[in-house]
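Good morning, everyone, and thank you for making the time. Please have a look at the structure on the screen before I go through a few parts of it.

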Amino acid sequence: MATKRKTTGKNTRGRQRRADPGRRTASKRKKRSAGRLILCAMIEVIVLLVIGVIVAWNQGLSDWMQSFTSPVVQELDISGISSSNAVLMQVDGGHVIGSVNGEETMYPASLTKMMTAIVAIENIGDLDEKITLTDENFSGLYEEDATQAGFQSGESVRAIDLLYGALLPSGAECCLALATYVSGSEDAFAEQMNQKAEELGMDHSHFCDTVGLHDPDHYSTPEDMAILLKYCIRNDTFREIIQTARYSTGVTNVHPDGITFYSTLFKSLTDASVTGGQILGGKTGYTDEAGYCLASFAEIGGREYILVTGGAVGDSTNTAPHIQDAVTVYNRLGEAVQALNS
């Protein structure tokens, strides 16, 4: 009996020993599985952190981080200029650092064409596509004394050339041709402009047309137009156009040598240099009711800023008060930046 009990005991321990490797394998599998779950969780956290940093950067984190190495101008007095309405905004973060009636209604005149251009860019797949201008694209322009780029009815023009024509010489026929091509009519295109304004948070703007002809129901504010330009210059195509001083179009069926355009901003700006930086580009505008308007952007002290002005009145001694205002404000800003860093 003792022998039997002994043998049985040995067999039991043998079975236990044989079962142990299986338990160890299962335990290892559980640990590996837990490790994979922890790794996946860590990767998700890292991805969320990266996304958060990117969003925060766009909302002004870059300015906040730069402030540790170079101070940022938080506020600037921009009064004493010819324009009755003005806003000075940092591009990074969209912080307004100077304002003169910046939230009050203004008529944007040809600053409207910035919205026309960005909506067209975002809705035309191939900017080398040719668009044929029609008589409808010129209807009423002569009567309204609207600025034209120089194209003619029946002329087939690349979309990119129409964009340059809209933003540099402020060609109204270019805007109407783009609108018709994208939406079928100017009214339908204006609806898209208003949808884009709503998306961007331009809560105090409304567009009736693509050109900026005067209409009491066609309005904006300097702050809204600054929001628009801030959005536009993030688009590579728009930015390249708005920074161009001179551009020659491709060959067309009417102009075998193309047409050369000159920026209405740079034609009046003999020197783009300002204190601590330079004016990079912009769009001018004018109607009797709107006065002289300008939406521009500049790089000063390594940072970009946007200035929108409206309601300036010119005279025989100052035929470009809006541009002079920009030079004055940007110089003032450059001096403030230098004072902070001295």
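When I call a residue buried, I mean that its relative accessible area is under 20%. Please keep in mind that this is a predicted model.

If we take the contacts with a separation of 6 or more, 64% of them are accounted for by residues 24 or more positions apart. The accessible surface comes to about 17400 Å², and 50% of that belongs to carbon and sulfur atoms.

Let me turn to helix α4, which runs over residues 172–183. At 1.5 Å a residue, its twelve residues should span 16 Å, and the end C-alpha atoms are 17 Å apart, which agrees. The buried residues of α4 are A172, E173, C174, C175, L176, A177, L178 and A179, and what they pack against is α2 (112–123), β3 (130–132), α3 (159–167) and α5 (186–200). Just after α4 comes G184, which takes a positive phi of about 95°.

From there I would like to go to T112, which has its place in helix α2. Is T112 buried or exposed? With a relative accessible area of 0%, T112 counts as buried, because the cut-off is under 20%. Its side chain is joined to that of H218 by a polar contact of 2.8 Å. Leaving aside neighbours within four places in sequence, T112 is in contact with several residues, including M193, F207, D209 and M225.

Notes: Residues are numbered from 1 along each chain as its sequence is written. This is a predicted model: local features need pLDDT of at least 70, side-chain atom pairs count only at pLDDT 80 or more; totals for chains, interfaces and linings use all residues. Side-chain values use heavy atoms; hydrogens and water are left out. Helices (H or I, at least four residues) and strands (E, at least two) are DSSP runs, numbered from the N terminus. The expected span of a helix is 1.5 Å times one less than its number of residues. Buried means under 20% relative accessible area, exposed over 50%, partly exposed in between (1.4 Å probe, protein chains only). Contact means heavy atoms within 4.5 Å. Accessible areas come from the Shrake-Rupley method with a 1.4 Å probe; for residues, only the protein chains shown count as cover. A polar contact is a pair of N or O atoms within 3.5 Å; within protein, one must be able to donate a hydrogen and the other to accept it, and residues adjacent in sequence count only if both atoms are side-chain atoms.
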